[in-house]
Amino acid sequence: MLNFTVGPVMSPQEILEVASVSTPYFRTEEFSKVMFENEAMFLTFLHAPENARCVFLTSSGTGAMEACVINVLNEFDKVICINGGFFGQRFVELCRLHRYEYTEIKCEFGKPLDMSLLEALGGKEYTALLVNMHETSSGIRYDMNAIADFCKNNEIVLIVDAISSFIADSIDMERLGADVILTGSQKALALQPGIAIVALSNRAIDRVKNNREKSLYFSFKEALKNMERGQTPYTPAVTILLQLHKRLFAMKEAGGILAEQKKIHELAEYFRNHLVDLPLDFLVEHDKDRSNAVTALKSHHHKAEEIFERLKKEYSIWICPNGGKYKDDIFRVGHIGCLKKRDYDLLLDALREINAKGYM
Ligand SMILES: *Cc1c(COP(=O)(O)O)cnc(C)c1O
């Protein structure tokens with residue numbers, strides 16, 4: 001199976017090998033060292049400000065989204081949610097479920113955020129903003145600098161879901177003045193699913209310390225306390241944390257995050273430049289608004305689901321279908337994980353063949 005989805009994605013062999021032995025006991029100095037190094041490397045790759053800290057959660061990315069909402073925010077906050085699709089909607093639902101006062105800015109699917117809608121909320125006592133840097137369901141990447149400037153000007157806490165952006169797109173936590181940046185193990189990190197990582201600014205840590213704890217398992221207060229000795233409060237997905245160490249260390253050795261980002265960007269460009277003869281359109285109009293992680297495509301003839309099925313059955317290729325009302329119109333091709341140009345040649349050949357047979 002050749003996997004072009006956006007996660008879980010294909011892992012490199014050396015990462016898979018980490019999972020081929022029994023999980024070691026983890027209340028040890030050796031494991032604490034691994035965790036300190038994981039934290040330091042992750043914060044370096046984010047260009048996090050001094051005094052920023054990390055917590056590692058054994059959960060999917062959504063667990064980290066919810067944990068951020070309950071640990072960093074509180075009932076006195078007035079929250080702005082940017083909702084451009086499936087994952088923006090998830091932040092909205094979290095705010096509703098946890099009964100925060102919130103205002104939702106809806107973006108048309110696959111379209112950039114209309115900054116005038118955000119500017120209109122300036123000076124109105126909002127205290128926090130939730131955004132998915134890359135709305136993975138449509139492939140749109142928001143203009144984070146513009147959003148960050150708005151937050152700075154209005155003294156708003158900025159919480160960024162970068163689950164599918166981390167590594168794929170450039171992120172500078174310090175430049176953004178972001179308070180929280182979160183990601184997960186199964187996207188561009190290309191590890192097995194199960195670990196989420198959250199970077200917290202000094203201001204976010206203060207909030208965590210002053211907020212009432214609302215969860216035992218997802219308490220950041222406990223997680224931060226345990227990280228002082230390189231540990232987690234409960235048994236974490238030890239194997240994935242060891243994979244994380246291997247992955248971050250390999251990136252560091254290979255010259256840092258930029259080399260990896262360049263590779264993902266080049267794969268995305270390669271794929272995007274070879275679609276000319278196919279009856280497909282880009283969902284996101286301008287290249288500057290597209291994440292490097294994924295390309296969302298619109299089928300001219302409402303054949304998205306059929307293309308997905310044929311690739312899977314006839315070519316053993318997985319792409320990412322879109323659900324719900326976009327099922328027949330949109331599919332996505334990822335550029336993260338262990339992929340090479342020749343893998344895209346195989347995918348493009350398959351797409352051309354499907355088209356030639358009249359199924360597209
Ligand atoms: C994948 C993803 C998530 C959710 O991740 P899960 O691990 O499935 O919970 C959240 N936000 C974004 C932007 C994502 O791409």
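**Helix packing and cavities**

Modeller: Happy to, and let's start with a helix pair: α11 and α13 cross in a right-handed way. Do keep in mind that this is a predicted model.

Biologist: Are α11 and α13 roughly parallel or roughly antiparallel to each other?

Modeller: The axes of α11 (residues 257–273) and α13 (residues 341–356) come within 10 Å and cross at roughly 25°. Angles under 35 degrees count as roughly parallel. The two helices, α11 and α13, are therefore roughly parallel.

Biologist: How many charged residues are in the contact of α11 with α13?

Modeller: From α11, the contact uses Leu267, Tyr270 and Phe271, while α13 brings Lys341, Tyr344, Asp345, Leu347, Leu348 and Leu351. By class, this contact of α11 with α13 has seven nonpolar residues and no polar ones, and the charged residues number two.

Biologist: Which strand gives the largest share of the lining of the largest cavity?

Modeller: The structure holds three cavities of 30 Å³ or more, and the largest has a volume of about 110 Å³. Its lining includes Phe56, Leu57 and Thr58, along with Tyr217 and Pro233. By class, the lining of the largest cavity has eight nonpolar, four polar and no charged residues. The largest share, three residues, comes from strand β2.

Biologist: How many charged residues line the second largest cavity?

Modeller: The second largest cavity holds about 40 Å³ of space. Among the residues lining this cavity are Ile70, Asn71, Arg212, Glu213, Lys214 and Lys221. The lining of the second largest cavity divides into two nonpolar and two polar residues, and the charged ones number four.

Methods:
Residues are numbered from 1 along each chain as its sequence is written. This is a predicted model: local features need pLDDT of at least 70, side-chain atom pairs count only at pLDDT 80 or more; totals for chains, interfaces and linings use all residues. Side-chain values use heavy atoms; hydrogens and water are left out. Axes are lines fitted to C-alpha atoms, for helices over the stretch in contact, and angles run from 0 to 180 degrees between N-to-C directions. Helices (H or I, at least four residues) and strands (E, at least two) are DSSP runs, numbered from the N terminus. Angles under 35 degrees count as roughly parallel, over 145 as roughly antiparallel, 65 to 115 as roughly perpendicular and the rest as oblique. A crossing is left-handed if the near helix is turned anticlockwise from the far one by less than a right angle, and right-handed if clockwise. Contact means heavy atoms within 4.5 Å. Ala, Val, Leu, Ile, Met, Phe, Trp, Tyr, Cys and Pro count as nonpolar, Asp, Glu, Lys and Arg as charged, and the others, Gly among them, as polar. On a 1 Å grid over the protein atoms alone, a cavity is a set of points where a 1.4 Å probe fits but cannot get out, and a pocket is an open set with protein on both sides within 12 Å along at least five of seven lines; lining residues have an atom within 4 Å of a point. Grid points are joined across faces, edges and corners, and a volume is the space filled by probe spheres set on the points.
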